[in-house]
Each structure stands twice: as C-alpha cells, then as structure tokens.
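Welcome, and please open the model in your viewer. We will go from stop to stop, and at each one you will hear what to select and what is there.

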Amino acid sequence: MTAPTIPARPGEDARLRPLPLRRMAWATWRQHRAALGAVAACLGAVAVYLWLTGLQMHHAEAAYCHPASSIACSINFTGKYGETVILVSIALQAVPALIGAFTGAPVLGRELETGTYRYAWTQGIGRLRWTVGKLVPLAVAVTAAAGAFTVLISWYNQPFAAVGYAIPLSARVFGLLGVAFAAWTLAAFAIGVLAGMVIRRAVPAIAVTLAVCAGLALTTGLWLRGHYITPLVTRNPNPPGSAWVISGWYTKAGAFAFGDHGNGLVSALARLCGAVRGRVLHVGGGVLHVVNAAQCLAQHGYTQWTSYQPGSRFWPFQWIEGGWLLVLSILLLAATIWLVRRRAT
Amino acid sequence: MNTNVIEASGLGKRYGRTWALRECTLAVPAGHVTALIGPNGAGKTTLLNLAAGLASPSAGTVSVLGGRAAGSRAALDGIAFVAQDTPVYKNLSAADMVHLTATLNRRFDQPYARARLAELGIPLDRKAGKLSGGQRAQLALTVALARRPELLILDEPVSMLDPIARHDFMANVMTAAAGKGEGEAGGVSVVLSSHVLADLERVADYLILLSRGQVQVAGQVDDVLASHRMLTGPAAEADTYTQRPVVRARRGAAQAHLLVRARAGDPVPPGWEAHPVGLEELALAYLSEPGAAALPGPARSRPAEPSKVIR
C-alpha cells in the first residue's frame, strides 16, 4: 500500500467550472416528455370539450339572456347547461392535483425506485445541478400549461358569470380562475416531487400527493380562504349578488343569540313564531332564510347578521392564494433539493 | 503513476443503528485493476458508494484520485461508477443512453461509445429495457468508459450475468484497463467488487479482502501469493507450528493443511511440505477467518511511496 496522502483539499473544485445547467435540458425533455405529452394530451382533450360546449353556451347566452331574467334564458341557457357547468367545474378541481402528482412524483421517486439515481448522481454534472436542472423547467412547464388552461376555463365560465350564476369567490369556481389554478398545479407538482424523494417509489408517491392535495384544497376552500381578509358584516339579509356569504347569525340586545341554521334557530322559531310555515330557501353558501319567520324574529327583537366577502375582493384573494401557494411550492422544492444533497444512500 | 485512487481513513457508515462499514482504512493505488473481495454484507457496496460520492461518511474520511473529496465536482469528473445491477434507463435506447451520458459530462468519447456498441452487436435503437442482462451491463460499461475516467468503479458488475456474459464483460474491462481500446491514451485504474473471487481472478492484479468492514489483505496479487504458503504435514503437529503466522488451519484425520504467511525460501519443519497457494484458496482461507489479517504484510516487499498530488 502506498502511504496515505494529504486530506481532500477544498480548493480543487474551484479550477473546474461547473457544467452549465442547460446541459440538463435534453435529459429533462427526453426523460419526461412522455409525462408532459400525456398532460398535454389530456388537457387538450378537455380543452376541445370545453371549447365545443363553451361555444354553444356563448351562443345561447347571447341569443336568449338579454335580459338575463327572461324565461327564455332560464329555459334555453341556465336550465339547459347549468348542471353540466356545475359537474365540469367540480371535475376540473382535480386537474391541478392530477397534473402535479403524475409529473412531480416520478421525477425522483422513479429514480430512487429503479436505482438509476446511482447512475444519474455520479455523472460529472453532479446531483445538485441534475436536480435543479430537472425541477425548474418541469415546474415552469406544468405551471405555464395550467395558466394557459385557465384562460380557456375563464372563457367557458363567462356566460354563467354574465347572468350572475357563478359567484367568482365561491369554492366551485375560485380555484379554476385567475392565478389560483396554475398556483395549485405548481404546489401539487412540488408536493409530488417531495413525496417521491421521501417515499422513494413513484406510485405510492402519486397516491400520497393526491391525498395531500385533496386535504390542502378542502382545508383552504372550507376554512382558510374565507379569512384572507376580514369578512364584511351586514344587517341586510341579502348581500350583493356577487358576494360570497361566509356565515349568518342572529343577535338580541347586542349579544349572540343563535346561528342562521341549526337547532337554536329552529327552537326559537317554534317557541316564538309557532309553526314554521314560511318558504324555506337555500341561498348562496348554504344560508337558510326563513321568509316570514325573519320578520317574526325581527318583531321579537332579534337582528339578523350576515358576514360575506364582496365580489370586488376576487383579485386580492387570487393574489393572496397564488402568493402563499408559490411560497409553499418554493419551500417544498428547496426542501427536496436539500434532501437530495444530504441524502445518505 | 503513484497516487492513490481511493484513500479511506477510519471510514465508517452507519444506517440507523447498524454500521455497514466501520473503521475502514485503506489505500487503493492507481494503475491497477483492483479486486475488492468480501462476503455479502462485508461493506463493499458501502465503501464504493462512499468513494463514488453517492453516500457521505458517518465517520472518518474518504478521498479519491489523489486527495479529491469524494463526491466533489473534481471527483465526479474523474470517476465513472457502474453501480450494482448496472442501472440504465429502461425506456431509453442505447443511443439515448450514449447521448444522455455525453450531455451530463465534461468529456465524452461519442465515436468510441458508438464503435464499441457496434462491436458488441448492441442495436443503437433498442430500448435498454429490451436488452439482455449481459448487453445492459455492457451498455453501462460502455457509457462509463466513454467518459474517459481516471478511475472506473464497478460494483458487483457480473453478479447477475451468466458465465458467458461474465467472461465477455471481464474481457472488455481488461481491454479498457490495459488501454488497448481504439484511441485510448493510457490505462484507467479500475476497482471491481465481487463476493466471488473467481469472477475477478483473471483480471485483477491488486487484491483487497474486506470482511465486516475491515481490510484483511491488501496488496498486489503477485506479492500476496508470494508471501503465503500452504504447509501440509502430520495433524498431530499442527498446533505446535509457530514459526510463521498461521492464517487458517484445516485438520484431517491424518494430515493438516496450514495456510501460513511465509515465502518460498522460508524454512519448513521436518515432515512438512510447502506448496504455493492459489488466489481463490487464499481468499477463502482469509474470509473464513475474519480475525486473520495480512496487513501491511504485502507492503513490505516495496518501499512505501508517497502519493503525488494532482495539480
């Protein structure tokens, strides 16, 4: 054996310039073109469907819905297409999670699963540049694709928004419009990439990504989003049509009495107003109005309050949601890169 | 060339509570085809992963190619690593694997890679997943060699191959190591691991026996063989032999076989016969006696050479 030499010298690297990141372009494209192509094909098929039905809707709205309150409009437009539009908008909620999971989770998950990371991370470019050179273009690509798709969804949604049906802030459409759709796609991609790195297998990582995205989207839609900006409160039981109603309640003598639905309201009505005979309507976010009964309660000194987010807050809300999702995505991708660097195989 | 291509000092790697490699100190000199032999679980793969920069040490240090930190840019640049089971992307064609490796490295000899694949009869447009195990291993070796590395590390390269594929693969490694390939300037240092010495016996000229993370034997094959003898004599006298260190004693009913560290000229007790020993026999003896070690035995035949630092 020859004698041990001096320890590793940190100065060695300085003379060797790193390989440029653009070297990763071909590798990224070649290895992920199938996934990107599948995303493009699926989005393309959905886009064709949205385009065809969207055209019909635009024509119907233009022909029958001036004024929007006409019977012809409700027969030939809202009645005819309303159900489809709701189903489509619900189905589209899953698209960001699906894109993110199927493009993000395999990037590292498959390498670790099949052992090819031992090839990839021992090439001259180094694992850090390899990882950054893959993740950044893929993240940009899926986000851009989702952003382009949003334009089509907005156009598709436009006739219903025009007749006042689709409240832009409502959970059903908010995530499909503006910057939210692309931001959710980016976040799902970042979650998928990290899941693949941690779980080290592609398919379980896809499943976990879908579950996490669903949980995050539900938490956001049902709870978080309503609090981006403090809701407005009004005594007018019917806030403006574009408003997103958060909750309602009754007070008496300045103190909270009961909510606008549930046992408190029902027992008060039974006690004070006798049999509940008024028409019962569901309006907006599930708020229950008991016409006549409302008058009855008012006569007994109860005041009805409604908290809501006005429609004018749509874009501020979009930027808030897009902003925190972007920050979350960057943090997740940074965490992934950190894990790749320190990963002790 | 008198640098060390791998140097480990007190090197250890722990996974959870288990040490896969512990207190490993060794030097692999440049210019050799080095066989790293050890039973399964000896820490061979761990050692090679540490040297290739795939893993980072839990204890100690490892450097490569004359003092470059394992995993550093300069180290990655000079080392081609073919991991266990010769991983290649199954959905990429052979031509794609060549192009991919070319884009991921500073140096890459495309004409050499293509010529070699043609020579081996591997169709360029065939997906790696559709190649036979032997062809896949050859593809992984080809793209590794075309990087023109200073050090080629092969971890259990032939364990999954049939005997013919093993032979072909080893022949190619040997050609590359000797620098006989077309347009090759000089030989490349090679480190191969296996749990079967027979795989590497014909190609290796430097031997490292690793057992439970510890180096048992390290030295040039010729030196190692020249410094061991097999003594055969009466079983009754086996325990009284103390002249030279005994690596392993095997006792039959009448005769005993002692593998001892002795040279051809060393005295043999009366009634005993000395024979030269084969490499496989020697490796088996050491591996079955994990406590025995021949360090730095073989090194005595040569003066210790200070490593040259690459500038």
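This is a predicted model: local features need pLDDT of at least 70, side-chain atom pairs count only at pLDDT 80 or more; totals for chains, interfaces and linings use all residues.

In which hand does H7(A) pass H8(A)? The crossing of H7(A) past H8(A) is right-handed, a term that applies when the near helix is turned clockwise from the far one by less than a right angle, with anticlockwise giving left-handed. Residues are numbered from 1 along each chain as its sequence is written, and chains are lettered from A and ligands numbered from 1 in the order in which they are written.

**Stop 1: two helices of chain A**

Select residues 180-199 of chain A for helix H7 and residues 202-224 for helix H8. Helices (H or I, at least four residues) and strands (E, at least two) are DSSP runs, numbered from the N terminus. The two axes come within 8 Å and cross at roughly 140°; axes are lines fitted to C-alpha atoms, for helices over the stretch in contact, and angles run from 0 to 180 degrees between N-to-C directions. H7(A) and H8(A) are therefore oblique to each other, given that angles under 35 degrees count as roughly parallel, over 145 as roughly antiparallel, 65 to 115 as roughly perpendicular and the rest as oblique.

Now show the contact residues, among them A:Ala188, A:Ile191 and A:Gly192 of H7(A) and A:Val208, A:Thr209 and A:Val212 of H8(A). Here, contact means that C-beta atoms, placed from the backbone, lie within 7 Å. By class, this contact has 10 nonpolar, three polar and no charged residues; Ala, Val, Leu, Ile, Met, Phe, Trp, Tyr, Cys and Pro count as nonpolar, Asp, Glu, Lys and Arg as charged, and the others, Gly among them, as polar.

**Stop 2: another helix pair**

Next, select H1 (residues 24-64) and H3 (residues 95-114) of chain A, whose axes come within 10 Å and cross at roughly 175°. H1(A) and H3(A) are therefore roughly antiparallel. A:Ala35, A:Leu36 and A:Val39 of H1(A) meet A:Ile99, A:Phe102, A:Thr103 and A:Pro106 of H3(A).

**Stop 3: the sheet of chain A**

Look for the open sheet with strand order E1-E6-E2-E3 in chain A, where the pairing is antiparallel; strands pair if DSSP finds at least two bridges between them. Strands E1 (232-234) and E3 (255-259) of chain A stand at the edges with a single partner strand each, so one side of each has no neighbour in the sheet. Eight bridges join E2 (residues 244-252) to E6 (residues 302-309) of chain A. Click on A:Lys252 to find its bridge partner in E6(A), A:Tyr302.

**Stop 4: the sheet of chain B**

Which order do the strands of the chain B sheet follow? This open sheet of six strands runs E6-E7-E8-E3-E9-E10, with mixed pairing. Four bridges join the parallel strands E7 (residues 151-154) and E8 (residues 189-194) of chain B, and B:Leu151 stands opposite B:Ser189 in E8(B). Helix H9 (residues 279-288) of chain B packs on the sheet, touching E3, E9 and E10 of chain B.

**Last stop: domains**

Colour chain B by domain, with 4-222 as domain 1 and 229-276 as domain 2; the bounds come from an automatic or database domain assignment. Their centres, taken over C-alpha atoms, are 38 Å apart.

Technical notes
Two residues are in contact if their C-beta atoms, placed from the backbone, lie within 7 Å.
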